[in-house]
Each structure stands twice: as structure tokens, then as C-alpha cells.
Amino acid sequence: MKGRKICGISLSIILINMAAVMERADENLLPSVYKEVSQAFNVGPADLGYLTFVRNFVQGLASPLAGILVLHYDRPAVLAMGTLLWALSTAAVGASQEFMQVAFWRAINGFGLAIVIPALQSFIADSYQEGVRGTGFGMLGLIGSLGGVGGGVVATVMAGHEYWGVPGWRVAFVMMASFSSLIGLLVFLFVEDPRTLASPKASDRNALIGKGSGSSTSIWRESWTAMKAVTKVQTFQVIVLQGLVGSLPWTAMVFFTMWFELIGEHFSMFQNESFS
């Protein structure tokens, strides 16, 4: 890849991986503070599961839209838009005063993540040559996982405290939203789409954005045809089926943090009663 480099590493790749860090951290943010959210809004596990369902449902419905956007528009702009959208929704969750407000903003959060995740993967696929493409995806997964762990740990630690009279879980949401917004802005300003670097005819961002200026009807028709063709590929069908089955236990595991916290509280109460 051409373009700016820091210590021999492309600045675009660095920022893309930072976006992956914030994406995974944002995903783990709410499950890490389920207990505090449950107490703040007086809701039970079923309601918390509804929040997960709403976000995942909207994310699933909106994911095909990302494929259309990254094909016809500048990917750094698409990434920045999705990042700012999820940052706004994350901050709004931290400021929400009613449970239905949280549910609404979690749906918006799913829409933002639906735009970002496929765009990140598409960017990585075009940024590396075939022989090292697997390494690129592996690094994206590794760095993103570290972000998920870090986001969960920070949120869990902050949730048990108050900062300037504000519950720690709310501060964690606002802080995460601020970092995400910063990364989104840096992506928009400094990340260069590999397609602009590979094509002399698309040497600037405006030239690439011009690809999306055609008839919107034809764009959607072509995209619909492409999606139907992809769904007919047996390998794709197997991957989707595996994903449906494999995602079930991971969805349930988001309640582990809350479960461990409640178990710890009951154990402490049992010890206090035993010694009294």
C-alpha cells in the first residue's frame, strides 16, 4: 500500500484497526453493565435480552446496506458515518432516563455497526495482497478482540463507582462515545481507500464518490441481483447456517458478567450472615 506510514505501517491500516477496537469495545459495553442498567431502569433479564435482540435484529437487517454503500461510495466516508452513528447512539444510551429510550438507541447502534463491520472487512480485503490477506484479517480479529476485552473490563470497573455524581456506567458510555467519535473523524480525514491508490483514474476522494452518482434505481437493482446470486452459492449457505447455530451460545454468554456479579453479591451476603 501507498500513502502515509508510521513506523513502516500504513496510517490507514492503523486507523482501520483502531476502528475495529472501538467497534468491539462498543459491542461489549452494555453487557458489561447489565446489572447496573437493570437496577437503574428496574428491569429484569428478559428486558435486557430484548435490548440485545433489538440491536442484533436491526444490525442483521441493515447489513446488506453496507455492501451497497462500500461498492458505490468512498469507504472511509462510510466508515466514518457508521462510527459517528454508533457513537451518537452509545452516548444517548448513557443519557437515557427511560428503558424504551435505551431500546431505541440500541436499535440505532445496531444500524451503525451494520454499516461499519462489513466496510472494515472489505477494506482489509483490498488492502492486502492475496498471499498475506489472511494475516490482515487475523490481525484485525486479534486487535478487535483486545478492544472487546478492554472495553468490557473498563466498563465493569467504572460501573461500581460514581464520577462527579454520575453513575459510572453512564460515564463509561459517554467516554466510549467520545473515543469512537474521535476515531471516526480520524478515519474520514486520513484513511485512503485502497481503490483510490490502485486506480490512477480515481486519484482523489471526489472521483471515487462520483461512482455513486448514477441512477439510484439501477444501483439498487444491480445490488439486489448480486445479493440473490450470492445466496445461491452453497458455500455461502453453509457459512450462514454455521453462523446461525454458532452465534446462539455467544449471545447467551453476554449475561455472564451480570451472573458473576449477582453470584458474588449473594456469596458476600451469605458470609455476612454466617459471621453475624
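Predicted model: local features only at pLDDT ≥ 70, side-chain atom pairs only at ≥ 80, totals over all residues.
Student: In which helix do F53 and F57 lie, and how many residues apart are they?

Tutor: F53 and F57 are both part of helix α3 (residues 45-72), where four residues, or about one turn of the helix, separate them; helices here are DSSP runs of H or I with at least four residues, strands are runs of E with at least two, and both are numbered from the N terminus. Residues are numbered from 1 along each chain as its sequence is written, and side-chain values use heavy atoms, with hydrogens and water left out.

Student: What pLDDT does the chain average, and where is confidence lowest and highest?

Tutor: The average is 76, and 75% of the residues score at least 70. By helix, the lowest mean is 45, in α9 (residues 205-209), while the highest is 89, in α7 (residues 168-190).

Student: How many aromatic pairs does the whole structure have, and why is the pair of F41 and W169 given the name it has?

Tutor: The search finds five pairs. The ring centres of F41 and W169 are 6.1 Å apart and their planes meet at 65 degrees, so this pair is edge-to-face; the rule asks for Phe, Tyr or Trp rings (for Trp the six-membered one) with centres within 6.5 Å, and calls planes under 30 degrees apart stacked, over 60 edge-to-face and the rest tilted. Because F41 is in helix α2 (residues 34-41) and W169 in helix α7, the pair ties together parts 128 residues apart in sequence.

Student: What makes the pair of F53 and F57 stacked or edge-to-face?

Tutor: Their centres are 5.6 Å apart and the angle between the planes is 25 degrees, which is under the limit for a stacked pair, and the pair is therefore stacked.

Student: Why is F57 called partly exposed, and why does A159 count as buried?

Tutor: Buried means under 20% relative accessible area, exposed means over 50%, and partly exposed is in between (1.4 Å probe, protein chains only). F57, at 47%, is therefore partly exposed, whereas A159, at 9%, is buried. A159 is in helix α6, and beyond residues up to four places away in sequence it touches V33, E36, G168 and W169, a contact being heavy atoms within 4.5 Å.

Student: How do you know that E23 has no salt bridge?

Tutor: A salt bridge needs a side-chain nitrogen of Lys or Arg within 4 Å of a carboxyl oxygen of Asp or Glu; Lys and Arg count as positive and Asp and Glu as negative, with His and the chain ends not counted. For E23 the nearest side chain of opposite charge is R24, at 5.0 Å, so E23 is buried without a salt bridge.

Student: What span does α1 have, and what is expected?

Tutor: From first C-alpha to last, its 22 residues reach 31 Å, close to the 32 Å expected at 1.5 Å a residue, where the expected span is 1.5 Å times one less than the number of residues.

Conventions:
pLDDT = per-residue confidence, 0-100.
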